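Subject: Structure for you to take over

Hello,

Please find the structure below, with the sequence alongside. My notes come after it.

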Amino acid sequence: MSVGAAKIPTVVTEVVEVNALIKRFRFVREDGVEMPSFSGGAHTVVEMDDHGTRRLNPYSLMSDPSDRSGYEISVRRDEAGRGGSLYMHRHVRPGQKMLISPPVNLFALDLRAKKHLMIAGGIGITPFIAQMAQLDAMDARFELHYAARDRSLGAYMDELTARHGDRVHRYFDVEGQVIDLVALLSGQPLGTHLYVCGPKGMIGWVLKTAEAMGWPKGAVHSEEFLAPPVGKAFTVELAASGKTVTVAPNQSLLEALEAAEVDAPYLCRGGACGQCETRVLRCDGHIQHNDHWLTPEQKAAGGHIMPCVSRFEGAALVIDR
Ligand code: FES
């Protein structure tokens, strides 16, 4: 996706307060036709006009992929964030028109798996809700292990348990309940695929444990979109377009490129997909690589930058845009 990619004009038809931190939003197409098809794990990018600031935030689709009458997302309020989640919580109401992107799936199920083992933390549950609906319809084997801080923040736990029964296992941090990961990963049949989505610490823990236990890399899937961090303002020269952009403290380089109408590709906007990778032509300073796409060696070499999440500090940065 990039500037000019076809967006879907939608109307918000439902806003539901799920718990103290999470709201659910339903979008239907303005023209009344069906939404594009998607598979469990896909996300959409929601475009917001936050009082003059254009925000584009990715959210996992959580509705049933077989239901194309609308899309549903859940948004966790982040008081310390750059404002997208606060905008969704405070300003988006039923009847509001919003543009969203066609769905993209960077966290797809591997349908060759004999069994799907899912581990979710907090708001990381949302892609699994769509995936479980898909797997249920296919009569595929799966189980979910879902951890939340406490019962009040365990979004959709009751609904998921009602729908999927003992395939849903619940854990509450304040009650001292912890997933026994080693036992869980040891007891899986051959051909099981492991999926994890949740806080950074949880993803790291699951990936490291799986690796240490010899799980094949291709059988382990994770999704973590990083929020672009706030930082000091910086200026970037764009060699191809002959422009110079200044990136504000609460803006990403990708957003600054878009504001300057420079075509810049993206899919995840969270440092995960590699789509926005851009060549660095000159760097007199330090690139703060915030993505988890470039390898440590590539980051050290400084030849590329991921404009969706990475920043710069120094005298001059020239990139190939
Ligand atoms: S848009 Fe996915 S890594 Fe930047």
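Predicted model: local features only at pLDDT ≥ 70, side-chain atom pairs only at ≥ 80, totals over all residues.

Helix α1

I began with helix α1, which spans residues 84-91. Of its 8 residues, 6 are buried, so the helix is largely enclosed by the rest of the structure. The buried ones are Gly84, Ser85, Leu86, Tyr87, Met88 and His89. Strands are part of what covers these residues: the cover includes β2 (22-29), β3 (42-50), β4 (53-60), β5 (71-76) and β6 (97-100).

Helices α2 and α3

Next is the pair α2 and α3. Helix α2 runs over residues 126-138, and its axis comes within 12 Å of that of α3, with a crossing angle of roughly 10°. Angles under 35 degrees count as roughly parallel, so α2 is roughly parallel to α3. On the α2 side the contact is made by Ile129, Met132, Ala133 and Asp136, and on the α3 side by Leu160, Arg163 and His164. By type, the residues of this contact are 4 nonpolar, 1 polar and 2 charged.

The loop between β9 (142-148) and α3 (157-164) contains Tyr156. Tyr156 has a phi near 65°, which is positive although the residue is not glycine. Most residues other than glycine have a negative phi, so I would look at this one in the model. Is Tyr156 buried or exposed? Its relative accessibility is 6%, so Tyr156 counts as buried.

Ser152 sits in that loop between β9 and α3 as well. At 53% relative accessibility, Ser152 counts as exposed. Along the chain, Ser152 and Asn19 are 133 residues apart, while their C-alpha atoms are 6.8 Å apart in space.

Phe172 belongs to strand β10, residues 168-172. With a relative accessibility of 2%, Phe172 is buried. Beyond its neighbours within four places in sequence, Phe172 is in contact with Ala148, Arg149, Asp150, Arg151, Met157 and Gln177. One of these partners, Arg151, is 21 residues from Phe172 along the chain, and their C-alpha atoms are separated by 6.6 Å.

Strand β1

Glu17 is in strand β1, residues 8-17. Its relative accessibility is 59%, so Glu17 counts as exposed. Apart from neighbours within four places in sequence, Glu17 is in contact with Ile22 and Lys23. Glu17 and Phe38 are 21 residues apart along the chain, with 25 Å between their C-alpha atoms.

The loop between α6 and β15

Arg269 lies in the loop that joins α6 (253-259) to β15 (278-288). Arg269 is another non-glycine residue with a positive phi, near 60°. The relative accessible area of Arg269 is 5%, so this residue is buried.

Gln275 is placed in the loop between α6 and β15 too. How exposed is Gln275? Its relative accessible area is 35%, and Gln275 is therefore partly exposed. Setting aside neighbours within four places in sequence, Gln275 is in contact with Pro265, Tyr266 and Leu267. Gln275 and Arg93 are 182 residues apart in sequence, and the distance between their C-alpha atoms is 32 Å.

The second largest pocket

The last item is the second largest pocket, with a volume of about 670 Å³. It is lined by 21 residues, and those closest to its centre are Ile203, Leu207, His221, Ser222 and His292. Which helix gives the largest share of the lining? That is α5, with 7 residues. Helix α5 (200-212) and strand β12 (220-223) each supply at least two residues of the lining. The lining is made up of 11 nonpolar, 4 polar and 6 charged residues.

That is what I have on this structure.

Best regards

Notes: Residues numbered from 1 in each chain as written. Heavy atoms only, no water. Helix = DSSP H or I, 4+ residues; strand = E, 2+ residues; numbered from the N terminus. Buried < 20%, exposed > 50% of the residue type's maximum accessible area, 1.4 Å probe, protein only. Axes fitted to C-alpha atoms, helices over the stretch in contact; angles between N-to-C directions. Parallel < 35°, antiparallel > 145°, perpendicular 65-115°, else oblique. Contact = heavy atoms within 4.5 Å. Nonpolar A, V, L, I, M, F, W, Y, C, P; charged D, E, K, R; others polar. 1 Å grid on protein atoms, 1.4 Å probe; cavity = no way out; pocket = protein on both sides within 12 Å on 5 of 7 lines; lining within 4 Å. Points joined across faces, edges and corners; volume = space filled by probe spheres on them.
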